[in-house]
Amino acid sequence: MRGKFIVIEGGEGAGKDANIDLLKADFPSEDIVWVKDPGGTKLGGQLREIVQHGENLARETELFLFLASRAQLVHEVIEPALQSGKHVISNRFDLSTMAYQVYGRERVHLKESMVAVSKAARGTAIPDLLIYLDIDPEVGLERAAKRNERTSRFEAEAVAFHSRVREGYRAHIGDYQHEIIDASRPLEEVYRDVKSAVAALLS
């Protein structure tokens, strides 16, 4: 029996990492594989470093690096796990690319082409549930700045960029089975809803 595929999405500072850490504690099963997109493979880790912190990346280069990392992650980790009956929970997936590289980077004219190449990169790895942590970009960026971590290229973008990213998420989330969760609330309230959505699918 094929496993379930769950994706946690959201803009900067929405709390994806924090919620996933809590999920790992509450769902410690060996039947769940946890991945991060981009990343999750040796090649993906190298590409993640480039897209997060590389310099002078053309928009097209950035886009194709994300797609390349995702294709490798699906081929090497996600599909084998799902086919073996394991569940996969991913920190970001293909909706992020639509939101960031198409809407954020103001390449909306590439939307139809993006849908086609994104489907090619993900293959049959279609999320059974997408959980979108929705937060006002200004609030999210304030949270991200307090993490005292190395600033990514995306966190360094202006608020207008992140507002477009949020627009992209909202415009295309209906393409997936999804739950929208207000991430502006305290973490314990947000996680209660995240855990409930995950438990309902995996039960």
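**Close-up views of a predicted model**

**View 1. Lining of the largest cavity.** Gly11, Glu12, Tyr100, Tyr132, Ile135, Pro137, Leu141, His162, Val165, Arg166 and Tyr169 line the largest cavity. On a 1 Å grid over the protein atoms alone, a cavity is a set of points where a 1.4 Å probe fits but cannot get out; lining residues have an atom within 4 Å of a point. Helix H6 (137–145) and helix H7 (159–172) are the elements that give two or more residues to this lining. H7 gives the most, with 4 residues. Helices (DSSP H or I, at least four residues) and strands (E, at least two) are numbered from the N terminus. By class, the lining has 7 nonpolar, 2 polar and 2 charged residues. Here Ala, Val, Leu, Ile, Met, Phe, Trp, Tyr, Cys and Pro count as nonpolar, Asp, Glu, Lys and Arg as charged, and the others, Gly among them, as polar. The model is predicted: local features need pLDDT of at least 70, side-chain atom pairs count only at pLDDT 80 or more, and totals for chains, interfaces and linings use all residues. Residues are numbered from 1 along each chain as its sequence is written, and side-chain values use heavy atoms, with hydrogens and water left out.

**View 2. Volume of the cavity.** The structure holds 1 cavity of 30 Å³ or more. The largest cavity has a volume of about 90 Å³. That volume is the space filled by probe spheres set on the grid points, which are joined across faces, edges and corners.

**View 3. The open sheet.** In the order S2-S3-S1-S4-S5, 5 strands form an open sheet with parallel pairing. Strands pair if DSSP finds at least two bridges between them. Strand S2 (32–36) and strand S5 (178–182) are the edges, each pairing on one side only. The twist averages 15° from one strand to the next.

View 4. Strand S4 (residues 129–134) runs parallel to S5, joined by 5 bridges. Asp134 has Asp182 in S5 as its bridge partner. H7 packs on the sheet and touches strand S1 (5–10) and S4. Contact means heavy atoms within 4.5 Å. The direction of H7 makes about 145° with that of S4. Helix H8 (residues 187–202) touches S1, S2, strand S3 (87–91), S4 and S5. Its direction makes about 175° with that of S4. Axes are lines fitted to C-alpha atoms, for helices over the stretch in contact; angles run from 0 to 180 degrees between N-to-C directions.

**View 5. The Glu79 and Arg2 salt bridge.** Glu79 forms a salt bridge with Arg2, with the closest N and O atoms 2.5 Å apart. Glu79 lies in helix H3 (residues 59–83) and Arg2 in the segment before S1, so the pair ties together parts that are 77 residues apart in sequence. A salt bridge is a side-chain nitrogen of Lys or Arg within 4 Å of a carboxyl oxygen of Asp or Glu. The count comes to 19 salt bridges.

Technical notes:
1 Å grid on protein atoms, 1.4 Å probe; cavity = no way out; pocket = protein on both sides within 12 Å on 5 of 7 lines; lining within 4 Å.
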